[in-house]
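Here are a few exercises to work through with the model open in your viewer. Try each task before you read its solution.

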Amino acid sequence: GKFRVFLKCTLENVTDLMLPPDENWYFRVKCMSCGEIHENDIYFDLVGKKDKEGSRGTSNYIGKCKFCSKNSSIDYINNSFSMYKAENSESYKSVASFDCRGWEIVEWLPKGNFRAACSENGNVVEDIDLSEGDWAGYDDEAVITLQSIPQDCVLGVYEFSCKIELFKQIQQFLLLSN
């Protein structure tokens, strides 16, 4: 099936929150064959591809169910990546979509180094850790320049939550007539 990952949080003085495509994205998955939820988290980045055994195809993640030995794969759907912007604050927004063969994504785990931009000046803030659900920091570049900590240099991401939704991709066909 095809799954969309949504996130929701409250942003303070930041915009363009994202887990970069070249960072590892962590998920909890369930085998569609035997129904078992795997105790170990899986992870992969959205850029790298691995060769499928016995096939000419590639996938972002390839694994075998420990319970039923079924081979399964997950592919990031190209061009589905999106940043979470200040105007999305406090509402769910899709940030990436995945095509799963044999797996069902049941949870996205916010591990890894998120990145955002200060909404006041665009300075990029890296290494944002959302594994606890909240993050607070400063726009270090502005603090150094101003020699103080003005209120708009206080940055935060709060009440982080996510959800996974199954969706059907609607195919659109364009008929050309000569």
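**Exercise 1.** Is Glu 165 buried, partly exposed or exposed?

*Solution.* Keep in mind that this is a predicted model.
- Step 1: Take the relative accessibility of Glu 165, which is 34%.
- Step 2: Turn to its partner. The side chain of Glu 165 forms a salt bridge with that of Lys 163, with an N to O distance of 3.2 Å. Lys 163 has a relative accessibility of 29%, so it is partly exposed.

**Exercise 2.** Find which residues are linked with Arg 28 in a network of salt bridges, then describe the pair it makes with Asp 41.

*Solution.* 
- Step 1: The network joins Arg 28, Asp 41, Glu 107 and Lys 111.
- Step 2: Within it, the side chains of Arg 28 and Asp 41 meet at 3.0 Å, N to O. Arg 28 sits in strand S3 (25–31), while Asp 41 is in the loop between S3 and strand S4 (42–44); the two are 13 residues apart, and the pair links distant parts of the chain.
- Step 3: Asp 41 has a relative accessible area of 25%, so it is partly exposed. Arg 28 is partly exposed too, with a relative accessible area of 25%.

**Exercise 3.** How far apart in the chain are Lys 66 and Glu 39, and are they buried or exposed?

*Solution.* 
- Step 1: Their side chains meet in a salt bridge, 3.9 Å from N to O, which falls within the 4 Å cut-off.
- Step 2: Lys 66 lies in the loop between strand S7 (61–64) and S8, and Glu 39 in the loop between S3 and S4, 27 residues apart.
- Step 3: Both residues are exposed.
- Step 4: For the overall tally, the structure holds eleven salt bridges.

**Exercise 4.** Describe the surroundings of Asn 88.

*Solution.* 
- Step 1: Locate Asn 88 in the loop between strand S8 (71–76) and strand S9 (93–101).
- Step 2: Its relative accessible area is 15%, so Asn 88 is buried. Across the protein, buried residues make up 40% of the 178 residues.
- Step 3: Look for polar partners. A polar atom of the Asn 88 side chain lies 2.8 Å from the backbone nitrogen of Lys 85.
- Step 4: Leaving out residues up to four places away in sequence, Asn 88 touches Met 83 and Lys 93.

Key:
Residues are numbered from 1 along each chain as its sequence is written. This is a predicted model: local features need pLDDT of at least 70, side-chain atom pairs count only at pLDDT 80 or more; totals for chains, interfaces and linings use all residues. Side-chain values use heavy atoms; hydrogens and water are left out. Helices (H or I, at least four residues) and strands (E, at least two) are DSSP runs, numbered from the N terminus. Buried means under 20% relative accessible area, exposed over 50%, partly exposed in between (1.4 Å probe, protein chains only). A polar contact is a pair of N or O atoms within 3.5 Å; within protein, one must be able to donate a hydrogen and the other to accept it, and residues adjacent in sequence count only if both atoms are side-chain atoms. Contact means heavy atoms within 4.5 Å.
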